[in-house]
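Dear colleague,

Please find the structure below, followed by a short account of what was found in it.

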Amino acid sequence: MIRRIISKVFGRKRPVSGANARILARTEHGIARERIDACALKVCETLSASGHKGYVVGGAVRDLLLDKSPKDFDVATDATPEQVRKLFRRSRIIGRRFQIVHVMCGRETIEVTTFRANGQKEAEDEDERPTDAHGRLLSDNVFGSMADDAARRDFTINALYYDPAREEVHDYFGGVKDCRQRVLRMIGNPETRYREDPVRMLRAARFAAKLDFRIDEATRAPVATLAPLLANIPRARIFDEALKLLLSGHALRGVHQLRAEGLHHGMLPLLDAILDDPAGERFITAALKSTDARIQADRPSSPAFLFGTLLWPQVLKRWHAIEAGGEKPQPALFQAMDDVLDAQRNQLAVPRRYDGMMKEIWALQPRFDQRGGQRPFRLMEHPRFRAAYDFLLLRCEAGEIDAELGDWWTRFQDADDDARAGMLLTDSGPKSRRKRKRRKPADPAPAGAQPA
Ligand code: ATP
Ligand code: MG
């Protein structure tokens, strides 16, 4: 209260630690201008030519310091979104709550953000900050200075600004040193920052895994207690963050990091059940390793395939249970798929748009057993054959099924017509099912025979 009166009288703002950036020359940080994407350079130059500031910021500077190739380049500026939009012919303002500008340049898009404050910088006292009962920030829609902009960012290594014209890095919170020492450190008071935005806990796990950084003790300590706050976060945002972690190229490490910090309850609640079961653990490990390898080799990896693998150990368990209850394999599998998808809906919140593809991949699995007649040829023509085959290989690798089956399909695809003819088996199981069907021609095909 007294602080508030003093500040009202003297108009003093709460001092922002890090208000003065350390400015590092090229010899100190080692990032050459040539490593900055041409489009981001052009954006910074145009901003600066019209009297504004323009810095490459965030992940790109961090990645360049670590000698990694940034996946995108963001620019921060003191120009308002409207001013930015007028400077670039191919640009548009995105977002309502906080506007950013997308500047298009060839096939690339550079995200230009106006410096902003966290909201709490405007208020001296805790109770004046726009937060909910748990301390979550409800508004961050306030323009600010460059120092404010640095202070509202999450980790020291994410609050670095690169000035291409002078080849200088502005470092407000010791991010360059933390990068060198491979430490992930929250800016400000970690507990307050997690309460403002609990997703920062997931981001901590993601960056630690992705960069192979140690989480600073003060940054890690509050997580164990605050992890339940993730329950207040919209499911869609949790899902986005889960996807970023899984597609980071370090999903295996990320998933173990999540579990070690107790964060998976809010993100992948089924992880305990999967990882405590040796078969499930083998399968998920194989799946995440292969996803990581794909991403690191710049090959695409689809979210549906990924979530299909995460849910498979559950589907498999349920499938066997229903079959043990006397149901036939195909309908049992379909029942299991629906049960698992329904159960995870409230917890993991995989959006429904992925259901179709996940189900197709799962439903095709029993068809790999059918290696006689025209069936293998028909299966190869299925639009999801490739994904389903990759999935089959994971099952082999995890020891769920015999590796011979995966090898057969690998060879079958490569073989010429004669060799294929020689490979076909006289498959007794499926044939007997077909005979049964023939006896009752009016019966519709089982739902799994040709998934839509
Ligand atoms: P990546 O390479 O994985 O995209 P990134 O650092 O660019 O990493 P983004 O999620 O793209 O991460 O966010 C861009 C920048 O915005 C971050 O570097 C960080 O400074 C800031 N930021 C993003 N999310 C938050 C958050 N929840 N709280 C505070 N700052 C954030
Ligand atoms: Mg980014």
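Helices (H or I, at least four residues) and strands (E, at least two) are DSSP runs, numbered from the N terminus. This is a predicted model, in which local features need pLDDT of at least 70, side-chain atom pairs count only at pLDDT 80 or more, and totals for chains, interfaces and linings use all residues. Residues are numbered from 1 along each chain as written, chains are lettered from A and ligands numbered from 1 in the order written, and side-chain values use heavy atoms, without hydrogens and water.

The shell around ligand 1 draws its largest share, 5 residues, from helix 9. Helix 4 (59-65), helix 9 (199-211) and helix 12 (235-246) are the elements that give this shell two or more residues. A residue is near the ligand if one of its heavy atoms lies within 4 Å of it. Of the 16 residues around ligand 1, R62, K71, D197, R200 and R206 come nearest. By class, the shell holds 12 charged residues (Asp, Glu, Lys and Arg), 1 nonpolar (Ala, Val, Leu, Ile, Met, Phe, Trp, Tyr, Cys and Pro) and 3 polar (the others, Gly among them).

Yours sincerely
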